[in-house]
Structures are given as C-alpha cells and as structure tokens.
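Subject: Structure for your review

Dear colleague,

A summary of the findings follows it.

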Amino acid sequence: MGTTGRRPGAYICGIDAAMDVIGGKWKVLILWALNERPCRFGELRRELPGVTEKVLASQLREMEADGLVHREAYDEVPPRVEYSLTPRGVSLNEALEPLGAWGRANVLGGSAAPGQVREDDHVALIAGGP
C-alpha cells in the first residue's frame, strides 16, 4: 500500500504525516469502531451518532485509499458491503492506544493506569498491547 499522496514532500515529521492520515473528527472513531469487527455502512452510522452519510462515505473512501480500511462487496441481493481494518489500520489503532489512554487519564478523568482499561471504558482491547 502506498502513502496518502495528499501532500507529497510537504511533511515536516512523522507526526505531521500521521495526522494527515487520521485528520478530522471521524477517522479515529471509524478506526475504533472497526477494531471490534467488520461493519456494514449502516452499522458504522449507528456507531457514530452525528456523522452524515456523505461524510462517512468520504472518510471511508479516503481511509481505503490510504490502505487503512478494506471494502468487501459481496455479490448478493440485496448488495452487501462490509468494511474492515487492514493490517495497516490495525497497526495505526495500536499506535493510537497510548493517546487514548492519555485522554482517558488526563481529559476524561479516568483512574485507569496507562495501558489499562476499565470495564466501563468503551474502547477496543488490542492484542499484544501493554
């Protein structure tokens, strides 16, 4: 899978490049939702209250182009399309986990230690994580 190609040569550092890939309100939430299991478009919409169909479709297309999301269209009637994370998307989720732990501890006021998840933290557990 290639790079995003949105701003070739314009990145200052790796964080700049990563933020370009996950920029916007919905991409990290899509990654979070797909970490649990593959989802159909309507399922994703229900998981992400407030996202419009247009924005969700656009974000999924960008994430597919960036190699984060796999779109599987099944030859059925009615048509069925499922979205799932690619290995690249899974690795990005793993990279975002420490940021989520920081947010829970420092913004949401959670008492979980870094790398630990409380039962009521609605986050995906990542195998092999701390």
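Where is the place of Val-107? Val-107 lies in the segment after α5 (87-106); helices here are DSSP runs of H or I with at least four residues, strands are runs of E with at least two, and both are numbered from the N terminus.

This is a predicted model, in which local features need pLDDT of at least 70 and side-chain atom pairs count only at pLDDT 80 or more, while totals for chains, interfaces and linings use all residues. Residues are numbered from 1 along each chain as its sequence is written, and side-chain values use heavy atoms, with hydrogens and water left out.

Surface. Val-107 is exposed, at a relative accessible area of 61% (buried means under 20%, exposed over 50%, partly exposed in between, with a 1.4 Å probe and protein chains only). Together with Leu-99, Trp-102 and Leu-108, Val-107 makes a nonpolar surface patch of about 500 Å² (patch residues have over 30% relative accessible area and no salt bridge; like charges are joined within 9 Å, and nonpolar side chains, namely Val, Leu, Ile, Met, Phe, Trp and Tyr, within 5 Å; areas come from the Shrake-Rupley method with a 1.4 Å probe, and for residues only the protein chains shown count as cover).

Sheet. Three strands form an open, antiparallel sheet in the order β1-β3-β2 (two strands pair if DSSP finds at least two bridges between them). β1 (39-40) and β2 are at the edges with a single partner strand each, so one side of each has no neighbour in the sheet. β2 (residues 69-74) and β3 (residues 80-85) pair over six bridges, and five residues separate them in a hairpin. Glu-72 has Glu-82 in β3 as its bridge partner, and Cys-39 has Tyr-83.

Salt bridges. The whole structure contains six salt bridges (a side-chain nitrogen of Lys or Arg within 4 Å of a carboxyl oxygen of Asp or Glu). One of them joins Lys-27 and Glu-62, with the closest N and O atoms 2.6 Å apart. This pair links distant parts of the chain, since Lys-27 is in helix α2 and Glu-62 is in helix α4 (residues 53-65), 35 residues apart. Lys-27 is buried at 1% relative accessibility, whereas Glu-62 is partly exposed at 30%. Glu-82 forms a salt bridge with Arg-80, at 3.2 Å between the closest N and O atoms. Salt bridges with shared partners join Glu-76, Arg-80 and Glu-82 into one network.

Yours sincerely
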